Each structure stands twice: as structure tokens, then as C-alpha cells.
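Please look over the model below before reading on. My notes follow as numbered points.

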Amino acid sequence: MACILKRKSIVAVSFIAAFLCLIIVRLTNEVTFPLILNCFGQTRVKWIPFSNGQRQPLKTHYGYINVKTQEPLQLDCDLCAIVSNSGQMAGQKNPEYFFKETNNTVYVIWGPFRNMRRDGNGIVYNMLRKTVDSYPTAKIYVTTEKRMSYCDAIFKKETGKDRVQSGSYLSTGWFTLILAMDACYGIHVYGMINDTYCKSEGFRKVPYHYYEPGRDECEEYFLHENAPYGGHRFITEKKVFAKWAKKHTIIFTHPNWTVS
């Protein structure tokens, strides 16, 4: 770990929910940074996920476009750490810090087309444009509509279910892990439970989010998994993540996953 920490090229990628406009207008404790992906170092060769294990150079990610320059994301990492919701973020949401002082931070934003459209009617995209005007050095990228469709296609390929017809929404974790598999040779995921955790003996009852201590994580997972419409299929997604971990260098800890 020490040698990793000595590397100078560190990029943090934050996947923020569709209503990022709330963060831009007024960063409050109610707004979350669901997952953060830290990139340590660079390597020469990467794999393209779902390509039967064939590795080939991949440094430019055309599914993520810079709001200011309209250029694609450049991200190439030896090791990435994906960190789930953390209470350490509470009370630290300061726009001067996030968009001005942390110049090495890359923000990748995803959201439904109605909020991200670029014809002047996308409320979140409009807010992002204002943000880069206020903080010219901020590296803010948006996920393209084509990339969103790609993530839907992967869900259908892995589960056999159409995401839209099943009445579900892909989670932040789904988008983050797909980007990580594109950009990172190795991935370490912290604080994510597997698909069987909530049915295991002696599982810990913890809050679903750091900012909502009254909501139990497992109860929320079961609620979403069985929701007829508008839910995240967290448990289904975790089964897919375990499958990916058999093919790629993905390690899950806190709690630990056993991938057989």
C-alpha cells in the first residue's frame, strides 16, 4: 500500500446522483456523494470489459464528455478504490473545496436524459454549465446518452431482463464499477455487501445511507428488489458484480466477499 500512496497521479472520480443540481446550487448535508473512485498510478495495457478477456490499450473513454471542452475523459489507472457511502462526507460539502481547490478531482455525472439534455431544457446539465463558468478549472464530465444505453444493455446481457421493462433504475454502483473496469487494472471495493449478506447469520444492521440513520440497509435492499417500479435491483446487481470479480481483478472488503 505504501508504494501506491507514493504515486503522484491520483484522480478521484465521483459518481453523483441525477439531482446534482442541488449540490451546485447549495451544498447541504442532505446531498450525497454515493461512491468515490480513487485512481492510483497508471499502467500501459488495459482490458475492455465483456471482451472475452482480451486486453488492449484503453485510455480515452468516449462515453464521458467534459462539460466545458466537450473532450472525452482520459483516465488510465493501475489500481482503483471504490468507496461506498461514508459519514465522513457529512458537513464537508463546500463548493470552493470541491470545484476550485481540489483541481485533481474529476467529476463524472450521470442522470436521466430529461435532466442531462443539452438543448437548454436539461436542468442538471444547465447547472453544470454554470458551475464550470464559476470554476473554470473544475474537471466535470457527463455520461453520454449512448453510454447510459450501453449500461442498460449490459444489465440485460447479464440478467436477461430489460431494465426499462422491469421498472428499475441502475444504481450508482453499477455505473461506477463499469467505468472502473474500463479504466482500472485492479479494483478494490470497500463497504459494499454481497447478494447473500442480508440473509446470512449474524449480519450487521447498519443504516442504508450515512445521512439517514433511521433506514436499515437490508430492509431497503429487499424493498428495492421487490418494487414493481422505480427501484434499484441491488441484490441482482451484486450477483453480477460477483460474476465480474471472477474474471477481473476486483476485491471486496468491509465486508469481505467470497467469490467462488
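1. Start with two cysteines. Cys 80 is buried, and Cys 184 is buried too. Here buried means under 20% relative accessible area, exposed means over 50%, and partly exposed lies in between (1.4 Å probe, protein chains only).

2. Keep the ground rules in mind. This is a predicted model, in which local features need pLDDT of at least 70, side-chain atom pairs count only at pLDDT 80 or more, and totals for chains, interfaces and linings use all residues. Residues are numbered from 1 along each chain as its sequence is written, and side-chain values use heavy atoms, with hydrogens and water left out.

3. How many disulfides are there? A disulfide is a pair of cysteine sulfur atoms within 2.5 Å, and the count by this rule is 2.

4. One of them joins Cys 80 and Cys 184, with the sulfur atoms 1.9 Å apart. The angle about the S-S bond is -75°, and the link is left-handed. Cys 80 sits in strand 5 (residues 77–83) and Cys 184 in strand 9 (residues 184–190). The pair thus links distant parts of the chain, 104 residues apart. Helices (H or I, at least four residues) and strands (E, at least two) are DSSP runs, numbered from the N terminus.

5. Cys 198 and Cys 218 form a disulfide as well, at 2.1 Å from S to S. This link is left-handed, with -85° about the S-S bond. Cys 198 lies in the loop between strand 9 and strand 10 (207–209), and Cys 218 lies in helix 8 (residues 217–226), so the pair ties together parts 20 residues apart in sequence. Cys 198 and Cys 218 are both buried.

6. Now the rings. Rings of Phe, Tyr and Trp (its six-membered ring) pair if their centres lie within 6.5 Å; planes under 30 degrees apart are stacked, over 60 edge-to-face, and the rest tilted. The count is 9 aromatic pairs.

7. Why does the pair of Trp 110 and Phe 175 count as stacked? The ring centres are 4.6 Å apart and the planes are at 25°, so the pair is stacked. Trp 110 is in the loop between strand 6 (105–109) and helix 4 (113–116), and Phe 175 is in helix 7 (residues 172–183), so the pair ties together parts 65 residues apart in sequence. Trp 110 is buried at 10% relative accessible area, and Phe 175 is buried at 5%.

8. Phe 252 and Trp 257 are stacked because their ring centres are 3.7 Å apart and their planes are at 10°. Both residues, Phe 252 and Trp 257, are buried.

9. Ring pairs link Phe 155, Trp 174, Phe 241 and Trp 244.
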